[in-house]
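Visitor: Could you walk me through this structure, one feature at a time? I would like to learn how to read each of them.

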Amino acid sequence: LGEQGLLVFCGVLAAPFLLPVTVPGMSTVLGLPMLLIGFAVMVSRVPWLPERLLNRSLPAATVRNVLQKVRGWAERFEHLVRPRLLGLTGGRVINAVNGALVIVAVVLMMAPLPLIPFVNSLPALAIILLCFGMAERDGVIIALGYVMTLVSTAYVGGLVVLVFYAGLRHEQVLEMLRGWFT
């Protein structure tokens, strides 16, 4: 697939998380390949994969079916993405930054906070923006990915802090919840 193909693949893997609430455990299964791709971008290398996976082919009918389903969605947004702000799209240092941000967004998406609205959606949007921006060399889309990564970090990080605080003060939290429901 090459680097651009892997970036698009990473964006496609993040797409199911755009739903407000996702299936618990799905972020781990789909997050691991995204972590590999983020690391590969960070070190400017195609990720190592076992020979068995590299030599595997997909049936043409399956590939055609997937491409037909994605085509309409891609055509709607194709005119928005074009090469611009190239300073955010190439070079070793900026690739390391972009890859690190993909990794941060994937780790945020993998946070064990099931059934909380948008806990996976915000990082997934950041991943999609970063990956498609890098694949299409669009610095504006990458900059939006930076902003979404920051928003995701604040949202998911805030929830993690609240969960940690609730764990430390569980008696007070239980009393507060009892007061709400009685």
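Guide: A residue is buried under 20% relative accessible area, exposed over 50% and partly exposed in between, using a 1.4 Å probe and protein chains only. Helices (H or I, at least four residues) and strands (E, at least two) are DSSP runs, numbered from the N terminus. Please keep in mind that this is a predicted model: local features need pLDDT of at least 70, side-chain atom pairs count only at pLDDT 80 or more, and totals for chains, interfaces and linings use all residues. Residues are numbered from 1 along each chain as its sequence is written, and side-chain values use heavy atoms, with hydrogens and water left out.

Visitor: How many helices and strands does the protein chain have?

Guide: The protein chain has eight helices and zero strands, giving the pattern α-α-α-α-α-α-α-α along the sequence. Of its 182 residues, 31% are buried. For contacts, meaning heavy atoms within 4.5 Å, look at sequence separation: among those with a separation of 6 or more, 75% join residues 24 or more positions apart.

Visitor: How do I read the length of a helix, say H7?

Guide: The expected span of a helix is 1.5 Å times one less than its number of residues. Helix H7 (residues 139-168) has 30 residues, and its first and last C-alpha atoms are 43 Å apart, close to the expected 44 Å. H5 agrees as well, because its 18 residues should span 26 Å and its end C-alpha atoms are 25 Å apart.

Visitor: Which residues of H7 are buried, and what do they pack against?

Guide: The buried residues of H7 are Gly 139, Ile 141, Ile 142, Gly 145, Met 148, Thr 149, Ser 152, Val 156 and Leu 159. They pack against helix H5 (92-109) and helix H6 (121-135). Seen from H5, the buried residues include Asn 95, Asn 98 and Val 102, and their cover includes helix H2 (26-42), H6 and H7.

Visitor: Which residues does Ala 126 touch?

Guide: Ala 126 is in helix H6 and is buried, at 0% relative accessibility. Not counting residues up to four places away in sequence, Ala 126 touches Ala 105, Gly 145, Met 148, Thr 149 and Ser 152.

Visitor: What caps the N-terminal end of H7?

Guide: Look for a polar contact, which is a pair of N or O atoms within 3.5 Å; within protein, one must be able to donate a hydrogen and the other to accept it, and residues adjacent in sequence count only if both atoms are side-chain atoms. Here the cap is Asp 138, with a side-chain oxygen 3.0 Å from the backbone nitrogen of Val 140.

Visitor: At what angle do H7 and H8 pack?

Guide: Two packed helices are described by the angle between their axes and the distance between the axes. Axes are lines fitted to C-alpha atoms, for helices over the stretch in contact, and angles run from 0 to 180 degrees between N-to-C directions. H7 and helix H8 (residues 170-181) pack at about 100°, with axes 5 Å apart. H7 is therefore roughly perpendicular to H8, a label for angles of 65 to 115 degrees, whereas under 35 is roughly parallel, over 145 roughly antiparallel and the rest oblique. Tyr 165, Ala 166, Gly 167 and Leu 168 in H7 meet His 170, Gln 172 and Val 173 in H8.

Visitor: Which residue other than glycine has a positive phi?

Guide: Most residues other than glycine have a negative phi, and most peptide bonds are trans. One of the exceptions to look at is Leu 85, with phi near 45°. Leu 85 sits in the loop between helix H4 (60-77) and H5 and is exposed, at 51% relative accessible area. Another residue to look at is Arg 137, where phi is about 55°. Arg 137 lies in the loop between H6 and H7 and is partly exposed at 37%.

Visitor: Where is Thr 89, and is that residue buried or exposed?

Guide: Thr 89 lies in the loop between H4 and H5 and is buried, at 8% relative accessible area. A polar atom of the Thr 89 side chain is 2.8 Å from the backbone oxygen of Leu 86. Beyond neighbours within four places in sequence, the contacts of Thr 89 include Arg 137, Asp 138 and Gly 139.

Visitor: How many disulfides does the structure hold?

Guide: A disulfide is a covalent bond between the sulfur atoms of two cysteines. The cut-off used is a pair of cysteine sulfur atoms within 2.5 Å, and the structure holds zero disulfides. Cys 10 is in none, and its nearest cysteine sulfur, that of Cys 131, is 3.5 Å away. Cys 10 is buried, at 0% relative accessibility, and Cys 131 is buried with a relative accessible area of 0%.
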